Amino acid sequence: MHHRQGKVLVLTRTAAVLGVVIIGLFASGCGRSGPKVVPVSGVVLVDGQPIKLPQGVQAFVQFVPAGAPAASGEIDPQSGRFTLTTFEPGDGCVVGQHKVAVIIRAMVGTQSVSLVDEKYAKPETSGITVSVDGPTDKLEIKLQGPLKRLPPGAIQPLSQDPNIM
(Lines give C-alpha, C1' and ligand atoms only; values in the text may rest on other atoms or scores of the structure.)
Protein backbone atom coordinates (compact mmCIF):
# COMPACT_ATOMS: atom_id res chain seq x y z
CA MET A 1 0.00 0.00 0.00
CA HIS A 2 2.78 2.39 0.78
CA HIS A 3 4.15 1.84 -2.74
CA ARG A 4 0.82 2.84 -4.33
CA GLN A 5 0.63 6.03 -2.27
CA GLY A 6 4.05 7.08 -3.62
CA LYS A 7 2.82 6.73 -7.24
CA VAL A 8 -0.24 8.85 -6.49
CA LEU A 9 1.95 11.53 -4.91
CA VAL A 10 4.32 11.54 -7.93
CA LEU A 11 1.37 11.75 -10.35
CA THR A 12 -0.16 14.59 -8.35
CA ARG A 13 3.12 16.55 -8.38
CA THR A 14 3.56 15.95 -12.12
CA ALA A 15 0.01 17.12 -12.80
CA ALA A 16 0.55 20.23 -10.69
CA VAL A 17 3.80 21.11 -12.46
CA LEU A 18 2.23 20.45 -15.88
CA GLY A 19 -0.74 22.65 -14.92
CA VAL A 20 1.56 25.52 -13.94
CA VAL A 21 3.50 25.18 -17.22
CA ILE A 22 0.30 25.17 -19.29
CA ILE A 23 -1.10 28.19 -17.43
CA GLY A 24 2.25 29.98 -17.93
CA LEU A 25 2.14 29.31 -21.67
CA PHE A 26 -1.40 30.61 -21.97
CA ALA A 27 -0.65 33.67 -19.85
CA SER A 28 2.43 34.64 -21.84
CA GLY A 29 0.71 34.02 -25.17
CA CYS A 30 -2.53 35.75 -24.26
CA GLY A 31 -1.12 38.69 -22.34
CA ARG A 32 -0.38 40.64 -25.49
CA SER A 33 -1.92 39.08 -28.57
CA GLY A 34 -1.47 42.22 -30.64
CA PRO A 35 1.09 42.95 -33.34
CA LYS A 36 4.71 41.85 -33.06
CA VAL A 37 6.98 44.38 -31.27
CA VAL A 38 10.72 44.40 -32.08
CA PRO A 39 13.58 46.35 -30.40
CA VAL A 40 14.24 49.59 -32.28
CA SER A 41 16.71 52.38 -31.57
CA GLY A 42 18.55 54.92 -33.65
CA VAL A 43 19.63 58.51 -33.99
CA VAL A 44 18.03 61.83 -34.95
CA LEU A 45 20.10 63.77 -37.48
CA VAL A 46 19.81 67.47 -38.34
CA ASP A 47 21.37 68.31 -41.68
CA GLY A 48 23.22 64.95 -41.58
CA GLN A 49 24.73 65.35 -38.08
CA PRO A 50 23.55 63.79 -34.79
CA ILE A 51 21.41 66.37 -33.01
CA LYS A 52 22.99 68.19 -30.04
CA LEU A 53 20.62 70.08 -27.76
CA PRO A 54 21.13 72.71 -25.06
CA GLN A 55 20.52 71.72 -21.45
CA GLY A 56 16.85 72.07 -20.48
CA VAL A 57 15.47 70.99 -23.86
CA GLN A 58 13.02 68.08 -23.99
CA ALA A 59 13.11 65.95 -27.14
CA PHE A 60 11.11 62.89 -28.18
CA VAL A 61 10.35 60.78 -31.22
CA GLN A 62 6.98 59.16 -31.81
CA PHE A 63 6.34 56.32 -34.29
CA VAL A 64 2.70 55.92 -35.32
CA PRO A 65 1.68 52.85 -37.35
CA ALA A 66 -1.76 52.42 -38.91
CA GLY A 67 -4.06 50.36 -36.69
CA ALA A 68 -1.50 49.53 -33.98
CA PRO A 69 -0.19 51.16 -30.79
CA ALA A 70 2.28 54.03 -31.20
CA ALA A 71 5.82 53.92 -29.81
CA SER A 72 7.89 56.76 -28.42
CA GLY A 73 11.34 57.44 -27.06
CA GLU A 74 13.29 60.27 -25.47
CA ILE A 75 16.12 61.71 -27.56
CA ASP A 76 19.45 61.95 -25.76
CA PRO A 77 20.43 65.66 -25.95
CA GLN A 78 24.15 65.00 -26.51
CA SER A 79 24.16 62.01 -28.88
CA GLY A 80 20.78 62.30 -30.60
CA ARG A 81 20.09 58.62 -29.84
CA PHE A 82 16.69 57.18 -28.89
CA THR A 83 15.20 53.82 -27.93
CA LEU A 84 11.52 53.16 -28.62
CA THR A 85 8.93 51.94 -26.13
CA THR A 86 5.45 50.61 -26.95
CA PHE A 87 4.32 48.56 -23.94
CA GLU A 88 7.37 48.21 -21.68
CA PRO A 89 10.49 50.40 -21.45
CA GLY A 90 12.78 49.74 -24.41
CA ASP A 91 10.65 47.00 -26.01
CA GLY A 92 10.60 48.78 -29.39
CA CYS A 93 7.79 49.24 -31.90
CA VAL A 94 5.52 47.14 -34.09
CA VAL A 95 6.75 45.85 -37.43
CA GLY A 96 5.46 47.85 -40.41
CA GLN A 97 5.16 51.38 -41.82
CA HIS A 98 5.24 54.29 -39.36
CA LYS A 99 4.63 58.01 -39.59
CA VAL A 100 7.17 59.75 -37.37
CA ALA A 101 6.97 62.89 -35.23
CA VAL A 102 9.96 64.63 -33.64
CA ILE A 103 9.16 66.94 -30.75
CA ILE A 104 11.95 69.24 -29.53
CA ARG A 105 10.77 71.91 -27.12
CA ALA A 106 12.16 74.28 -24.50
CA MET A 107 10.52 76.52 -21.93
CA VAL A 108 11.28 80.16 -22.72
CA GLY A 109 9.68 82.32 -20.06
CA THR A 110 6.16 80.90 -19.73
CA GLN A 111 5.99 79.54 -23.29
CA SER A 112 6.94 76.17 -24.72
CA VAL A 113 8.92 76.84 -27.92
CA SER A 114 9.74 74.32 -30.67
CA LEU A 115 13.39 74.28 -31.72
CA VAL A 116 12.55 72.60 -35.04
CA ASP A 117 9.99 73.38 -37.72
CA GLU A 118 6.53 72.81 -36.16
CA LYS A 119 5.63 70.40 -39.00
CA TYR A 120 7.91 67.78 -37.39
CA ALA A 121 5.82 67.75 -34.18
CA LYS A 122 2.91 65.83 -35.78
CA PRO A 123 3.15 62.47 -37.55
CA GLU A 124 0.61 63.66 -40.14
CA THR A 125 2.67 66.72 -41.16
CA SER A 126 6.30 65.69 -40.55
CA GLY A 127 6.77 64.07 -43.94
CA ILE A 128 8.86 61.37 -42.25
CA THR A 129 7.91 57.72 -42.70
CA VAL A 130 9.96 54.67 -41.82
CA SER A 131 9.53 50.98 -42.43
CA VAL A 132 10.48 48.65 -39.59
CA ASP A 133 11.06 45.10 -40.82
CA GLY A 134 12.79 43.73 -37.72
CA PRO A 135 15.05 44.63 -34.79
CA THR A 136 17.49 47.48 -35.45
CA ASP A 137 19.74 49.91 -33.59
CA LYS A 138 20.71 51.88 -36.70
CA LEU A 139 17.52 53.73 -37.61
CA GLU A 140 18.14 57.30 -38.79
CA ILE A 141 15.54 60.06 -38.55
CA LYS A 142 16.63 62.95 -40.78
CA LEU A 143 15.51 66.53 -40.17
CA GLN A 144 16.29 69.66 -42.14
CA GLY A 145 17.72 72.41 -39.94
CA PRO A 146 18.90 74.58 -38.59
CA LEU A 147 17.57 74.34 -35.05
CA LYS A 148 16.04 77.54 -33.73
CA ARG A 149 18.65 79.50 -31.76
CA LEU A 150 17.62 80.90 -28.41
CA PRO A 151 19.43 83.66 -26.53
CA PRO A 152 21.77 82.45 -23.75
CA GLY A 153 19.84 81.99 -20.51
CA ALA A 154 16.47 81.96 -22.29
CA ILE A 155 15.74 78.30 -21.53
CA GLN A 156 13.98 77.78 -18.22
CA PRO A 157 14.60 74.71 -16.03
CA LEU A 158 12.65 71.62 -17.04
CA SER A 159 9.13 71.49 -15.67
CA GLN A 160 7.74 68.32 -14.13
CA ASP A 161 4.33 69.16 -15.62
CA PRO A 162 3.62 66.62 -18.42
CA ASN A 163 0.93 68.89 -19.91
CA ILE A 164 3.42 71.53 -21.06
CA MET A 165 4.54 69.54 -24.08
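The dialogue below goes from the chain to its aromatic rings.

Guide: This is a predicted model, in which local features need pLDDT of at least 70 and side-chain atom pairs count only at pLDDT 80 or more, while totals for chains, interfaces and linings use all residues. Residues are numbered from 1 along each chain as its sequence is written, and side-chain values use heavy atoms, with hydrogens and water left out.

Visitor: How many helices and strands does the protein chain have?
Guide: Helices (H or I, at least four residues) and strands (E, at least two) are DSSP runs, numbered from the N terminus. Here the protein chain has 1 helix and 11 strands, and from the N terminus on the order is α-β-β-β-β-β-β-β-β-β-β-β.

Visitor: How is a pair of aromatic rings described?
Guide: A pair of aromatic rings is described by the distance of the centres and the angle of the planes. Rings of Phe, Tyr and Trp (its six-membered ring) pair if their centres lie within 6.5 Å, and planes under 30 degrees apart count as stacked, over 60 as edge-to-face and the rest as tilted. A search of the whole structure finds 1 aromatic pair. The ring centres of Phe63 and Phe82 are 6.0 Å apart with their planes at 45°, so this pair is tilted. Phe63 lies in strand S4 (residues 57-65) and Phe82 in strand S6 (residues 81-83), 19 residues apart, and the pair links distant parts of the chain.

Visitor: Is Phe63 buried or exposed?
Guide: Buried means under 20% relative accessible area, exposed over 50%, and partly exposed in between (1.4 Å probe, protein chains only). Phe63 is buried, with a relative accessible area of 0%, and Phe82 also counts as buried, at 2%. Of the 165 residues of the protein chain, 32% count as buried.
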